[in-house]
Amino acid sequence: MSSLRSAKPWLRSYFKENYIPQVCEALLCGLLVTCPEDPLGYLEEKLKVIMETGLESLLWDMCIDPSMKPKIQRLSETYLEQLFGLDDQLMTPELMVKACTFYTGRLKKTHFRTWRDIAIPHASEDDSIVEKMEKAIKYKNFKLQRLVFHYWHSHVEKQQQQRKDTLLWIQKMFHIQRLIIILRKWRDNASHMTKKREDDLLLKHELQLRIWKNKLKLKVSEEEKPISPQQSLSHITVEGETHPCDISRLPPRAILQIFLYLTLRDIVMCGRVSRSWLSMTQSGSLWNAIDFSTVRNVIADKHIVSTLQRWRLNVLRLNFRGCHLRMKTLRSVSHCRNLQELNISDCPTLTDESMRHISEGCPGVLYLNLSNTAITNRTMRLLPRHFHNLQNLSLAYCKKFTDKGLQYLNLGNGCHKLIYLDLSGCTQISVQGFRNIATSCTGIMHLTINDMPTLTDNCIKALVEKCLRLTSVVFTGAPHISDCAFKALSTCNLRKIRFEGNKRITDACFKFIDKHYPNINHIYMVDCKGITDGSLKSLSPLKQLTVLNLANCIRIGDVGLRQFLDGPVSSKIRELNLSNCIHLGDASIVKLSEWCSNLTYLNLRNCEHLSDLGIEHIISICSLVSLDVFGTGISNEGLMTLSRHKKLKELSLSECYKITDEGIQAFCKGSLNLEHLDISYCFQLSDQIIKALAIYCIRLTSLSIAGCPQITDSAMEMLSAKCCYLHILDISGCILLTDLERGCKQLRILKMRYCRNISMEAAIRMSSKVRRQEYSPDDPPHWFGYDFEGKPLTQQHNITTLKGKVELTTKEAMHGSEEGAV
């Protein structure tokens, strides 16, 4: 075999190309492992298998039976390459001898060195041990030094931190002491300035009171004794009196702004002062809006006609509310071609014929108020024919038109621009009438239907079939409306809902509000007994709600209010009325003060569980302007706490029996911006509160001291002398008051019921100076709690419901008078 190493290259190439070594290797391995009885037959059979399989896939164990194959794999590709001499790098005997000689020599050298190291010891072993010991000692000392240094470093850092903390504590104490000193000085200075301000206010109060008394005496002396021609009023001076300025010297724009605040009567009286004043009242802008309702009892029809004829081109707004006018006077309105707003409500002489003249002459009317008049279907026929641009229409309490009249609204161009419609008290309208409204006025956005007991859910369904633009509905005095009406209104994008006195409305309606009215911002549900805490929970997700009035909903408690405040509505709510919700207490008020940061109006009337603790949290609502705590348990401490709220302008403390003069005085000292105060039916109050109001609250515009029997004439003198902006005054039940010599200059509404010491002559004299007056010389009723001498009754006849009704009537009268004055 070794002879092939010296064979020719073509022979060696032949062996490699035909896999001769691999075939031999496979056959020999199969023979050696299998040991067949017929070797030649075995070789012949395996050669056939190799030929069928192919030489490329040939393996060394291919001819071995699978069950007999060895588990140890071969180390090289083939052994026969060495046998046949095909391996060029095959080890030769000469190389093997050299390898064995090198290995043997290497092994001897290694064993000799090992023997030498063991047999011959080192001479310097002791020096090595000493050197190692020195290194070990040095290393140990280094470890000890590092440990000691670590402890020392920690101690130094701790000492430095203690020094820093001590220094910071000293600096903090220094700043605290410095702030204490500054605060003490500021407090002393503030106390000094407050005392100085109070002394100045007292001095000013005494001075103004003395001037007022001197003027009053001067006026009385002038009435008793006429002044001689040689004597002039200019020589009569009073200490502190200033000379009046000449208004005619002001710029025309300033004069116009001043006269715009005057009523028609005041403008006419100003025109009689002098020629210059007359020229100032002749500006056309002053006659754009004429309100004849304020002078309906004193002005003659001829003056109305002459005024309209003179300013017919300038007049844009006319108000004839409650005026008894002749046909000729009403016809003169037709000359005002530019008229846009016309209010002829409560005019008993208004007829269809006069409306025909007005409609033909004033086609540009946008606002028309015909409430409580005798118009019929004839007038309803005129509206769509002439008032093509009509947007606001009020037919409240007009009983003589029918459903057919509402059908006329679709004639001609129709009233398709109508936005606001008031049908209050029109009980003659049926379901068909509402269908006619829906057909004729599809663009209605604001609907008001008050005092209509015949209003049902079917009427609302008939209306909303075509009036899909409704955004505001007012249904007070409609007891037959139920939750079905809310379901019908779900097709509209309502933003204002106003209901009152309805027992069929339940919590289910608020579920409709939550799901279908996401943009609602005004909810008025007064005296709805079916509303519970669940309703407030349904309202909590609303994000646009700003006004919520749930007065007289007595089933609402702290749980419902807390759930209401948990939602996003708490950050948006601005007005909240929860009067007569008797289950509310301080717990819900605490949360109210934490979440309602934009609240401006809060009414907690007759919430008996409200105490000074709740008041202490209310003052944290910085945006609060108006607060009503009528009939609550607030005391002087609560009033002193409330005086820290500097922005409060309106406060009602009626029937708060725990407050006294000291509490009111402390409150007035901190409430210089107070404009409205109601302290009625507080028997324990005296003249001291009026003195405090006259000194500190000179911006007061409305005051109610009804049912305060200890108020005397001296208090009224101080009030008249100082509170020159007072517009509304209620002194009903103040039995010690006598004839008022001189009232406040700007007083508009005066109530003097149950004042037996005020004569009829004085009442008549005051009626000429105010717009509205209520007077009766009768004794106080039993529910006032005292007799005609101011002594408490032995048997208390405090009828709470009756008193509530009287108070409600009083407030409605106030609002009604203010609306009439506008």
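This is a predicted model: local features need pLDDT of at least 70, side-chain atom pairs count only at pLDDT 80 or more; totals for chains, interfaces and linings use all residues.
Thr448 stands opposite Val474 in strand β8. Strand β7 (residues 446–448) runs parallel to β8, and three bridges link the two. Strand β8 covers residues 472–476, and five of its five residues are buried. Its side chains point two ways. Ser472, Val474 and Thr476 face one way, while Val473 and Phe475 face the other, and all are buried.

Trp169, Ile170, Met173, Ile176 and Ile180 make a nonpolar patch of about 450 Å². Ile176 sits in helix α6 (residues 125–224). Its relative accessibility is 34%, so Ile176 counts as partly exposed.

Next, the charges. Side chains of opposite charge can pair when their charged atoms come close. The structure holds 13 salt bridges. One of them joins Asp527 and Lys529, at 2.9 Å from N to O. Asp527 is partly exposed because its relative accessibility is 26%. Lys529 is partly exposed too, at 33%.

Arg605 and Asp628 form another salt bridge, with their closest N and O atoms 3.2 Å apart. Arg605 lies in the loop between β13 (601–603) and α22 (612–618), and Asp628 lies in strand β14 (residues 626–628), so the pair ties together parts that are 23 residues apart in sequence. Arg605 is buried, with a relative accessible area of 12%. Asp628 is buried as well, at 5%.

Salt bridges with shared partners join Glu353, Arg356, Glu360 and Arg378 into one network. Within it, Glu353 and Arg356 meet at 2.4 Å, N to O. Both lie in helix α12 (residues 352–361), three residues apart, about one turn of the helix. Glu353 is partly exposed at 27% relative accessibility, and Arg356 is partly exposed at 26%.

The C-alpha atoms of Tyr754 and Pro777 are 5.2 Å apart, although 23 residues separate them along the chain. Beyond its sequence neighbours, Tyr754 touches residues including Gly733, Ile735, Ser776, Asp778 and Phe784.

Finally, confidence. The chain averages a pLDDT of 83, and 88% of the residues score at least 70. Over residues 73–77, pLDDT stays under 50, and the model has three contacts there beyond four places in sequence. Residues 795–822 also stay under 50, with 40 such contacts.

Key
Residues are numbered from 1 along each chain as its sequence is written. Side-chain values use heavy atoms; hydrogens and water are left out. pLDDT is the predictor's confidence in each residue, from 0 to 100. Contact means heavy atoms within 4.5 Å. Patches are made of residues with over 30% relative accessible area and no salt bridge: like charges are joined within 9 Å, nonpolar side chains (Val, Leu, Ile, Met, Phe, Trp, Tyr) within 5 Å. Accessible areas come from the Shrake-Rupley method with a 1.4 Å probe; for residues, only the protein chains shown count as cover. A salt bridge is a side-chain nitrogen of Lys or Arg within 4 Å of a carboxyl oxygen of Asp or Glu. Helices (H or I, at least four residues) and strands (E, at least two) are DSSP runs, numbered from the N terminus. Buried means under 20% relative accessible area, exposed over 50%, partly exposed in between (1.4 Å probe, protein chains only). Two strands pair if DSSP finds at least two bridges between them.
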